[in-house]
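This report describes a protein structure from its overall form down to selected residues. Please keep the sequence and the coordinates in view while reading.

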Amino acid sequence: MDDAGTKPWTWILPDGHASSDWVRYRRRLETVAADRGFELSALGTACAEPLLMLRGGATSPSAPRLLVASGFHGEEPAGPWGVLEFLEAVDQALLSRVRLTVLPLINVTGFRAGTRFNTHGENPNRGYLGLPGESPSHEGRQLLAHRDLLLEAARDGLLTCHEDVLLSHGYVYSCERAAAPGAFSRTLLAANAAFFPVHADGAVDGCPIAGGIVFNHHDGSFESWLMELGVARAACVETPGQHPIERRIAAQRAMIETFLNFAPDLGD
């Protein structure tokens, strides 16, 4: 979806604020961390902005460890806002079953500007595997520097929240250690399909897609990096930007909840 380029994309949220309102977003994030008992910290800074992380949920070492990451691309605001709404409303009984780590907004400068790339024109979701022609962004270098922490946080599953602003159909990139999509992939797709029509079979961004799923695609993304490092499974969910922002946010929130609800089945 790199053809979104540097064009600014912003929407007005139901509360009347712009989807790019970083100050309001961070204020609400700090409030939910305090109110719901999440540990809020920063992995460091990228492009002079904090790379924030929240941790919460179960304390048992045997609980599934799950990582949710969002906001790699600034023109995909439903992911970060969906993460925020999920954190504000998550049922404590669900949260208590997993050890959850959240990177709510990776690319702050792109989010503020409503542009895909960061202020240096870098793609924060490429460059993790050193593929030819790719190098990590400022944000990517911070994430790479915390390899061990992120690998442990995502040990049992990774979900990244993305959008495809040019499309009107939803779909899922998924990675499983199997030859065909299993319950993990199908369950996340079903959650997406509850809000949007599913992308037709064929290709999307040059990748083969069947039944709404791009399966086991390998590239220089954050997801591919952590899969190569050994996490159990990963998915990148895509909501279509041609639908109202409030529906996309609701879908992102629902898919995060679905991801956590799947956690008791991890390893089946």
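## Surface and charge

The structure is a predicted model, and every value below is computed from it.

With regard to charge, the protein chain carries 22 positive and 32 negative side chains. The centres of these two sets are 4 Å apart.

## Overall fold

Nine helices and 10 strands make up the secondary structure of the protein chain. The radius of gyration is 17 Å, close to the 18 Å that the globule rule gives for 268 residues, so the protein chain is as compact as a globular protein of that length. The C-alpha trace spans about 45 × 45 × 35 Å along its principal axes.

Of the 268 residues in the protein chain, 57% are buried. Contacts between residues at least 6 apart in sequence were also examined: in 78% of them, the residues joined are at least 24 apart.

## Aromatic pairs

The whole structure contains 13 aromatic pairs. One of them joins tyrosine 128 and phenylalanine 222, whose ring centres are 5.7 Å apart; their planes meet at 70 degrees, so the pair is edge-to-face. This pair connects distant parts of the chain, its members being 94 residues apart. Tyrosine 128 belongs to the loop between α4 (108–113) and α5 (138–145), whereas phenylalanine 222 belongs to helix α8 (residues 222–229). Both tyrosine 128 and phenylalanine 222 are buried.

Phenylalanine 222 also pairs with tryptophan 225: the ring centres are 5.8 Å apart and the planes lie at 50 degrees, so this pair is tilted. Both residues are in helix α8, with a separation of three residues, or about one turn of the helix. Tryptophan 225, like phenylalanine 222, is buried. Elsewhere, one aromatic cluster is formed by Trp22, Tyr25, Trp81 and Phe111.

How many residues of α8 are buried? The count is six of eight, and the helix is accordingly described as mostly covered. The buried residues are Phe222, Glu223, Ser224, Trp225, Leu226 and Met227. The list thus includes both Phe222 and Trp225 of the tilted pair.

After α8 comes glycine 230, which has a positive phi, near 125 degrees. In the loop between β9 (213–215) and α8 lies asparagine 216. Asparagine 216 has a phi near 50 degrees, which is a positive value in a residue other than glycine. Its relative accessible area is 33%, so asparagine 216 is partly exposed.

Most residues other than glycine have a negative phi. Cysteine 47 has a positive value, with phi near 55 degrees. This residue is located in the loop between β1 (39–46) and β2 (49–57).

Is cysteine 47 buried or exposed? Its relative accessibility is 14%, and residues under 20% count as buried, so cysteine 47 is buried. Asparagine 216, by contrast, is partly exposed at 33%.

Terms used
Residues are numbered from 1 along each chain as its sequence is written. This is a predicted model: local features need pLDDT of at least 70, side-chain atom pairs count only at pLDDT 80 or more; totals for chains, interfaces and linings use all residues. Side-chain values use heavy atoms; hydrogens and water are left out. Helices (H or I, at least four residues) and strands (E, at least two) are DSSP runs, numbered from the N terminus. The radius of gyration is taken over C-alpha atoms; the globule rule is 2.2 Å times the number of residues to the power 0.38. Buried means under 20% relative accessible area, exposed over 50%, partly exposed in between (1.4 Å probe, protein chains only). Contact means heavy atoms within 4.5 Å. Lys and Arg count as positive and Asp and Glu as negative; His and the chain ends are not counted. The place of a charge is taken as NZ of Lys, CZ of Arg, CG of Asp or CD of Glu. Rings of Phe, Tyr and Trp (its six-membered ring) pair if their centres lie within 6.5 Å; planes under 30 degrees apart count as stacked, over 60 as edge-to-face and the rest as tilted.
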